[in-house]
Amino acid sequence: LVSAEWAVLIVDRDEEAATSLREKLRAAGGHAESLVGDITHAGFPERAVTACLKSFGRLDGLVNSAGVGLCKPVADISDEEFDQLFDVDLRAAFRFCRAAIPHMRDGGSIVNIGSVHAHKSVAGYGLYACVKAALEGLSRGIAADYGIQGIRANCVLPGYVESPQNRELI
């Protein structure tokens, strides 16, 4: 996005990672800001949207890319694990979409990062597949509700990506 001359607000719970990425993008000539916080806290998405509007004056796009994985048979999943997966992978994305949509006055684009597990899964990924299928459904619903206003919503379904949580699996 920065190479396409978009201004980018990086949202992360890891201050060091957010600052490092912000500075790397700025050094490459990009316009980037960062905001540190927990995406699962109620009210944080509105805070992020406000920070974006304050920094850039507008909001044209939203990428919901935060996520946690869970590889465990459904009967072995605790309520706490269930709540964390839904809070990070679905509820936070919903809240960010809800906060962003009213500010996409000239149209906009929402990209939610789902997973191939939404359509084809393997043993141990039942709840994860459920959450990612729900995220895909949310994306379709947003497209149906707001497409007439020029707001696009898509859900990208990658396979495994290199990340700390997947290094052992890969």
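Mentor: Accessible areas come from the Shrake-Rupley method with a 1.4 Å probe, and for residues only the protein chains shown count as cover. In this case the chain exposes about 10000 Å², of which carbon and sulfur atoms supply 52%. Please note that this is a predicted model, in which local features need pLDDT of at least 70 and side-chain atom pairs count only at pLDDT 80 or more, while totals for chains, interfaces and linings use all residues. Residues are numbered from 1 along each chain as its sequence is written, and side-chain values use heavy atoms, with hydrogens and water left out.

Trainee: What percentage of the 170 residues do buried residues make up?

Mentor: Buried means under 20% relative accessible area, exposed means over 50%, and partly exposed lies in between (1.4 Å probe, protein chains only). Buried residues account for 36% of the 170 residues here.

Trainee: Which pattern does the chain follow along the sequence?

Mentor: Helices (H or I, at least four residues) and strands (E, at least two) are DSSP runs, numbered from the N terminus. The chain has four helices and five strands, and they follow the pattern β-α-β-α-β-α-β-α-β.

Trainee: How is strand pairing read, and which strand do four bridges join to β3?

Mentor: Two strands pair if DSSP finds at least two bridges between them. Strand β3 (residues 61–64) is joined by four bridges to β4 (residues 108–113), and the two run parallel. Within this pair, leucine 62 stands opposite isoleucine 110 of β4. Leu62 and Asn64 form the covered face of β3, whereas Gly61 and Val63 form the uncovered one.

Trainee: What is the phi of glutamate 5?

Mentor: Most residues other than glycine have a negative phi. Glutamate 5, however, has a positive phi, near 70 degrees. Glutamate 5 is found in the segment before β1 (7–12), and it counts as exposed because its relative accessibility is 76%.

Trainee: Does glutamine 84 count as buried, partly exposed or exposed, and in which helix does it lie?

Mentor: Glutamine 84 lies in helix α3 (residues 79–100). Its relative accessibility is 44%, so glutamine 84 counts as partly exposed. The C-alpha atoms of glutamine 84 and glycine 69 are separated by 9.7 Å, and these residues are 15 apart along the chain.

Trainee: How far does the C-alpha trace span along its principal axes?

Mentor: The trace spans about 45 × 40 × 30 Å along those axes.
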